[in-house]
Amino acid sequence: MGRSTPHCRPRERVEVLRASFLYLSHRRGLQRFVTRRRLTASLAHRFVAGDRLDDAVRAVTEVNQRGWSASLDHLGENVAEEMAAHAATEDYLAAFERIASERLNANVSVKLTQLGLDISPDLCRDLLTRILQRAQQLDNFVRIDMEGSAYTQRTLDLVLALHERYQNCGVVLQSYLYRTVDDVARANAAKVRVRLVKGAYDEPPEVAFPKKADVDAKFAAEMRQLLSDGTYPAIATHDDRLIEATKQFARERDLPADRFEFQMLYGIRRDLQVRLLREGYRVRIYVPYGTEWYPYLMRRLAERPANLLFIVRSMIRERRAA
């Protein structure tokens with residue numbers, strides 16, 4: 001009896017899952033349903049420190065005790081009311097105060113649409129300037145997260161403009177966009193610190209590479225570009241091959257470990273985080289918190305659908321042991 005041919009190969013199944021999770025990240029009606037379910041809330045808290053700043057501070061304290069630094073992100077994006085943008089700003093200012101008062105080894109990541117970019121560019125610039133000013137006073141750093149490709153040019157333009165006065169700001173660039181090699185060169189020339197990521201938004205093939213192999217190759221090329229000419233770049237990936245490529249390139253160029261850092265997500269590949277630290281590399285953990293965790297969770301699952309199976313298995317083991 002012959003073996004039946006599967007309807008789709010493993011790589012194709014992964015791409016289907018990825019597309020599904022990215023689609024679900026936009027479904028706000030489903031978000032209201034999912035966030036009220038205990039199981040999915042438990043799932044989210046594998047990746048999210050908690051709902052409140054106190055939860056994030058506890059997580060960062062643990063992260064620091066293990067030898068890693070952190071970057072705090074108060075989840076939220078695409079606010080539609082000015083009041084919400086001001087509230088997000090106050091949340092970030094409070095985060096900087098807690099980092100300073102508790103002497104945490106942490107900085108902060110912000111999204112411009114959370115600061116009102118969709119409402120008014122001037123409002124967003126004013127609020128970001130407030131955050132940068134206070135961070136500068138406290139000798140801290142602000143990373144501007146990158147969002148979908150519709151925001152790439154505006155985000156990079158604003159960061160480069162404000163960096164002339166506030167050198168304590170950096171940006172995230174996404175390797176899956178065709179334009180990123182030029183954006184890296186522009187950031188390097190301005191001495192803006194870059195966090196390089198693969199990219200987690202659902203982008204059309206007109207602006208982004210659809211195939212993982214192409215994205216990986218581009219990430220590796222831009223990693224080399226950043227290590228050669230950038231200012232303290234952050235290589236943000238859980239991909240073992242890309243991490244090894246980064247380490248090999250640094251060795252070939254005789255770059256010391258304090259010239260760059262690896263960045264990873266809270267709750268993912270702690271084994272890899274531990275190994276890199278033991279090898280003498282700097283590792284920063286991206287620690288998100290807040291109630292707006294649904295889009296973030298869907299994008300994390302889209303990046304690596306195997307995370308879902310890993311977490312469900314872990315939850316089953318914990319319940320059996322209880």
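View 1. Serine 71 stands opposite tyrosine 286 in E8. The model shown is predicted. Strand E8 covers residues 283-289 and runs parallel to E1, with six bridges joining the two.

View 2. Strand E2 spans residues 106-110. E1 and E2 pair in the parallel sense, over four bridges. From E1 the chain crosses through helix H5 (residues 82-101) to reach E2. This β-α-β crossover is right-handed.

**View 3. Strand E1 is enclosed.** Is E1, residues 69-74, buried or exposed? Six of its six residues are buried, so E1 is largely enclosed by the rest of the structure. Its side chains take two directions. Ser69, Ser71 and Asp73 point one way from E1. Ala70, Leu72 and His74 point the other way. Residues on both sides are buried.

**View 4. Cysteine 124 is buried.** The relative accessibility of cysteine 124 is 0%. Buried means under 20%, so cysteine 124 counts as buried.

**View 5. Cysteine 169 is buried.** Cysteine 169 has 2% relative accessibility. That value is under the 20% cut-off, so cysteine 169 counts as buried. How many disulfides does the structure hold? The structure holds zero.

How values were computed. Residues are numbered from 1 along each chain as its sequence is written. This is a predicted model: local features need pLDDT of at least 70, side-chain atom pairs count only at pLDDT 80 or more; totals for chains, interfaces and linings use all residues. Side-chain values use heavy atoms; hydrogens and water are left out. A disulfide is a pair of cysteine sulfur atoms within 2.5 Å. Buried means under 20% relative accessible area, exposed over 50%, partly exposed in between (1.4 Å probe, protein chains only). Two strands pair if DSSP finds at least two bridges between them. A crossover is right-handed if, with the strands pointing away from the viewer, the path from the first strand over the helix to the second runs clockwise.
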